[in-house]
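Subject: Structure for your review

Dear colleague,

Please find below the structure that I am handing over to you. I would ask you to look at it first and then to read the notes that follow.

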Amino acid sequence: MNKLLIVGTVAFDAIETPFGKTDKILGGAATYIGLSASFFNLQSAIVSVVGDDFPQEHLDLLTSKNIDISGIEIVKGGKTFFWSGLYHNDLNSRDTLVTELNVLADFQPKVPQNYKDADVVMLGNLHPLVQSSVLDQMEKKPKLVVLDTMNFWMDCALPELLDVIKRVDVITINDEEARQLSGEYSLVKAAAKIQDMGPKYVVIKKGEHGALLFHNREVFFAPALPLEEVFDPTGAGDTFAGGFSGFIAQSENISFGNMKNAIIYGSNLASFCVEKFGTERMESLSKAEVAIRLQQFKSLTQFDIEI
């Protein structure tokens, strides 16, 4: 089986949306990526850090999904990374209420020995120096490196971010971040500039409006599935990244054509994530449900036209 190495936060979130609010619940980029990637036939491992306040039941959940957690460091006497956010009525904008780095502030990632030859590396949203240090530990060049980042790092660690961007094959960011990183308003121009920075493929996420994939002069667009209810968008982008990287790792096909399929698989899984708070929907999701909704995506995007 192919190997997927996931690097990112395993955390606590407290979320408030127009539909309700939660106390501290399981969150973190690597958590969502791992749960999403678990729907594919591959071996996956998470590299992250938590405090000893992190419940064993959360670790057991990850293990139950066949995720290797040997790369999750547990710091004795430490507190787990915590984020709290308030979403506005449109669910596209949010206010960060609390960010407590805790053990993440001094995180030095350690890649498990048996994942230093991973086929695909998914670098979740973290400090660019942490992302680079993971690539430095790989004993053979991965077939594909995917990087997710955000505007925060563009504001406070741009030189380090540009350094790690040079080393990746795929970057996934949202439209606002693509414009900031490139200095271009047009997403077509933005993607071209970002490709010049290093990545062969640029994925621009547009939330409820789908996702764009750019490679050279080729462009592919995947819509988001119109949903009756959206409770909580937290983790949707990471769930998308997990579906994208998981599909690529399973299929071993790194081509533009196959990346299109990966975008659809990622979008499909992300559409479930938003239906309940936190990771709740992803924890109970079945492969049968995933297959049924994939058919809905196919119906949504397929048409015959005479030219």
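I begin with a salt bridge between Lys-3 and Asp-117, whose closest N and O atoms are 3.1 Å apart. Lys-3 belongs to strand β1 (residues 3–7), while Asp-117 is in the loop between β8 and β9, so this pair ties together parts that are 114 residues apart in sequence. Lys-3 counts as buried because its relative accessibility is 16%, and buried means under 20%. Asp-117, at 33% relative accessibility, counts as partly exposed. Please keep in mind throughout that the model is predicted.

Side chains of opposite charge can pair when their charged atoms come close. How many salt bridges does a search of the whole structure find? The search finds 13. One of them joins the side chains of Lys-166 and Asp-163, at 3.6 Å from N to O. Here Lys-166 is exposed, with a relative accessible area of 57%, and Asp-163 is partly exposed, with 42%.

A further salt bridge links the side chains of Asp-175 and Lys-206, at 3.6 Å from N to O. Asp-175 is part of helix α6 (residues 175–182) and Lys-206 sits in the loop between β12 (201–205) and β13, so the pair ties together parts that are 31 residues apart in sequence. Asp-175 is partly exposed, with a relative accessible area of 22%; Lys-206 is also partly exposed, with 24%.

In which order do the 9 strands of the open sheet follow one another? The order is β6-β5-β1-β9-β10-β11-β12-β13-β14, and the pairing is mixed. At the edges are β6 (67–75) and β14, each of which pairs on one side only. On average, neighbouring strands of this sheet are turned by 15 degrees against each other, direction ignored.

Strand β5 (residues 43–51) pairs with β6 in the parallel sense, over 7 bridges. Val-47 stands opposite Gly-71, a residue of β6.

Asn-102 has a positive phi of about 50 degrees although it is not a glycine. Asn-102 is placed in the loop between β8 (94–100) and β9 (120–123) and is partly exposed, with a relative accessible area of 28%. Asn-216, likewise not a glycine, has a positive phi of about 50 degrees. The loop between β13 (211–215) and β14 (218–222) holds Asn-216, which counts as exposed at 59% relative accessibility.

Finally, which residues form a nonpolar patch on the surface? They are Phe-303, Ile-305 and Ile-307, with about 470 Å² of accessible area together. Ile-305 lies in the segment after α11 (287–301) and is exposed, with a relative accessible area of 60%.

With kind regards

How values were computed. Residues are numbered from 1 along each chain as its sequence is written. This is a predicted model: local features need pLDDT of at least 70, side-chain atom pairs count only at pLDDT 80 or more; totals for chains, interfaces and linings use all residues. Side-chain values use heavy atoms; hydrogens and water are left out. Helices (H or I, at least four residues) and strands (E, at least two) are DSSP runs, numbered from the N terminus. Buried means under 20% relative accessible area, exposed over 50%, partly exposed in between (1.4 Å probe, protein chains only). Patches are made of residues with over 30% relative accessible area and no salt bridge: like charges are joined within 9 Å, nonpolar side chains (Val, Leu, Ile, Met, Phe, Trp, Tyr) within 5 Å. Accessible areas come from the Shrake-Rupley method with a 1.4 Å probe; for residues, only the protein chains shown count as cover. A salt bridge is a side-chain nitrogen of Lys or Arg within 4 Å of a carboxyl oxygen of Asp or Glu. Two strands pair if DSSP finds at least two bridges between them. Axes are lines fitted to C-alpha atoms, for helices over the stretch in contact, and angles run from 0 to 180 degrees between N-to-C directions.
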